[in-house]
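Subject: Structure handover

Hello,

Here is the structure we talked about. Please open it next to this email and follow along.

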Number of protein chains: 2
Amino acid sequence: MKVLLTGGAGYIGTHVAVELIEQGHGVVIADDLSNSSAEAVRRVEQITGASIPLVVVDLSRPGQADHVLAEHPVDAVIHLAAFKAVGESVAQPLEYYRNNIDSTLELLAAMKRHGVSRFVFSSSGTAYEEPITLPLVETAPTGLAATNPYSRSKAIIERILVDVAASDPDLQVAILRYFNPVGNHPSGLIGEDPLGIPNNLMPFVSQVAGGRRDRVSVFGDTYDTPDGTGVRDYVHVMDLATGHVAALATLAPGVEAYNLGTGRGTSVLELIAAYSAVVGRQIPYEIVPPRPGDAAATYANVDKANRELHWRATRSLEDACRDAWAWQSANPRGYES
Amino acid sequence: MKVLLTGGAGYIGTHVAVELIEQGHGVVIADDLSNSSAEAVRRVEQITGASIPLVVVDLSRPGQADHVLAEHPVDAVIHLAAFKAVGESVAQPLEYYRNNIDSTLELLAAMKRHGVSRFVFSSSGTAYEEPITLPLVETAPTGLAATNPYSRSKAIIERILVDVAASDPDLQVAILRYFNPVGNHPSGLIGEDPLGIPNNLMPFVSQVAGGRRDRVSVFGDTYDTPDGTGVRDYVHVMDLATGHVAALATLAPGVEAYNLGTGRGTSVLELIAAYSAVVGRQIPYEIVPPRPGDAAATYANVDKANRELHWRATRSLEDACRDAWAWQSANPRGYES
């Protein structure tokens, strides 16, 4: 299949691109490069030996998705492009709703015009409504009672997809609810490269390990969890990438949602300890106030993906830390290096 | 106050315009005229003696709301513009979500740029999540489990408003959850003028009473209601209009939601009987299958609007039928007549 990968220059997108190409698919990347780099796409070409068209475009703008599909006929769309920072979504909800919802609406309308019916959507384990019951199962509701505007934008899009599929019997949709992606390609050529201070834990730890920052900010240690720090289900981004290819292969008319996680919870302090073991020294950290909108603990039930996609995460947290350290060491300032 | 009334050429908008002007406010109308008529605005001018600027614009398109507010400085926005047909929203969910959400996002962003902080939003009593408990109280959740894409678009916008107000302490929002508006200005100069076959009951009954259609289609008679037909809370549109002006006067920083209804449920057959009494003959009807997405019964608890807005509906269903018949008799083909 030829696949349009939106947000394909980003952290998850580059890894999905590698996996798609290695499994014999063709890839076109559309990305506005607002939080990613054209260099990342060149690195994917370096890893895979493939040539990858990169269309620099804001898909949330009217008509842009249509132009992309007119120029690049594809069999499927994997839609990763989105604003994704929880804290920023609280401060700038209008921009988050606009960008995330509109890009999806534009893509779906353009797909209909160009006869493309396969759609894989990048959702989030944070789209489940509060209060949550652990482990999170796909049948739990996602909706407006998710914890923050970013997560609500994902829940809204999930519901839009269900409504659009109900009105269009050809549409085939897989919703992938990511838990917390970490690690990177073992080559160390691609990885997570956040703008400014990292919002996610692993790149923050990597930057401290590499000396770019003094210490890790641990957001809260009084959560109702074993060590008081937040518990997340960290899934290796290479596992996440194989999950996308498996979802693409399993598409059928209608909408199915899948958790992509490991099924295990890890605390912030446990992750810092695992990373410290990889680098052979203690990573310094300090406890700071919790961030608004953060949940105490989340981890997935992954039986459905295992059963229907024949997928499971096979890489360990240690694998992720080792790969992240390889990326950080070779690229201390990310793709700028 | 000078007020921008979006969708102001429509059924509810024209009545709100009359009421605003009669209470001393200035009005600018923005409307794309996709389901309304410039003649309606002329009729409002005829009733009120005021001159009303009409900007013909699709506010969901990028930059259009900004142009309107640049050209017409206002103190407040009453946002009624939306696609509103339940059945159509099931068939065309993409267009409903796009139009209804984007017009609101564009307005809010433009208001921020122009320093406008007062916003009254036209929501719906159908935005409450299923299963509902009667009477509907404002504390009941609105959300993605509302019954159809139209209603979900309203629930989504309500939540966006809460998030935007949380990020912007200046913003003052009233969410008005309409129940079923009926009737019209007693002059018979303005009224509900649907394109094609009416989706709402009262204009359908009016068109049958006027001989434009043979009989009323009653969508289902096996609901769990006293006579098996759907039960709704029909509120006179002139009462609804005074509710908007009351909400505008009561705005304060943050978001408050109000049901605007009568607090009483009326069945389809009861409404047909009331209209038949006004015209002095039985309006013919036939039972047809229920419409997807229609609820069996809804009616409001209106204590909050009564307490905080000092508002209550004062007009009866008979008033509404009499006014609707005056409008229908004088304008048998609506504004085309």
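Start in chain B. B:P135 sits in the loop between strand 5 and helix 6 of chain B. (Helices are DSSP runs of H or I with at least four residues, strands are runs of E with at least two, and both are numbered from the N terminus.) The peptide bond from B:L134 to B:P135 is cis, with omega near -5°. B:P131 is in the loop between strand 5 (118-124) and helix 6 (149-167) of chain B. For context, most peptide bonds are trans.

Some ground rules. This is a predicted model, in which local features need pLDDT of at least 70 and side-chain atom pairs count only at pLDDT 80 or more, while totals for chains, interfaces and linings use all residues. Residues are numbered from 1 along each chain as its sequence is written, chains are lettered from A and ligands numbered from 1 in the order in which they are written, and side-chain values use heavy atoms, with hydrogens and water left out.

Confidence next. The model scores ipTM 0.95 and pTM 0.96. Chain A has a mean pLDDT of 97, and 100% of its residues reach 70 or more. (pLDDT is the predictor's confidence in each residue, from 0 to 100.)

Back to chain B. From B:E130, go to B:P226. The two are 96 residues apart along the chain, and their C-alpha atoms are separated by 20 Å. B:P226 belongs to the loop between strand 8 (216-219) and strand 9 (231-232) of chain B. B:P226 is exposed, because its relative accessible area is 87%. (Buried means under 20% relative accessible area, exposed over 50%, and partly exposed in between, using a 1.4 Å probe and protein chains only.)

B:T104 is a contrasting case. B:T104 is in helix 5 (residues 93-114) of chain B. With a relative accessible area of 2%, B:T104 is buried. B:T104 touches B:H79, B:F119, B:F121 and B:I157, leaving out residues up to four places away in sequence. (Contact means heavy atoms within 4.5 Å.) A polar atom of the B:T104 side chain also lies 2.9 Å from the backbone oxygen of B:N100.

Look in the loop between strand 13 (285-288) and helix 10 (303-308) of chain B. The side chains of B:D294 and B:R291 are joined by a polar contact of 2.9 Å. (A polar contact is a pair of N or O atoms within 3.5 Å; within protein, one must be able to donate a hydrogen and the other to accept it, and residues adjacent in sequence count only if both atoms are side-chain atoms.) B:D294 also touches B:V86, B:Y223 and B:R232, not counting residues up to four places away in sequence. The C-alpha atoms of B:D294 and B:D170 are separated by 37 Å, and the two residues are 124 apart along the chain.

Now chain A. An unreviewed UniProt entry lists residues 3-261 of chain A as "domain: NAD-dependent epimerase/dehydratase". (UniProt positions are given in the numbering used here, feature names are shortened, and annotations may be inferred rather than shown by experiment.) The span 3-261 is 39% helix and 19% strand, and its end C-alpha atoms lie 23 Å apart.

Helix 1 (residues 11-22) of chain A has 12 residues and reaches 17 Å from its first C-alpha to its last, close to the 16 Å expected at 1.5 Å a residue. (The expected span is 1.5 Å times one less than the number of residues.) Helix 1 of chain A is largely enclosed by the rest of the structure, because 11 of its 12 residues are buried. Among them are A:H15 and A:E19. Just after helix 1 of chain A, A:G24 takes a positive phi of about 95°.

Most residues other than glycine have a negative phi. Which value does phi of A:L33 take? Phi of A:L33 is near 55°, which is positive. A:L33 is in the loop between strand 2 (26-31) and helix 2 (38-48) of chain A. At 25% relative accessibility, A:L33 is partly exposed. Phi of A:H310 is positive as well, near 50°. A:H310 is in the loop between helix 10 (303-308) and helix 11 (317-330) of chain A. A:H310 is exposed, at 69% relative accessible area.

Last, the cysteines. How many disulfides does the structure hold? Zero, over all chains. (A disulfide is a pair of cysteine sulfur atoms within 2.5 Å.) A:C321 is buried, at 0% relative accessibility. B:C321 is buried at 0% as well.

Best wishes
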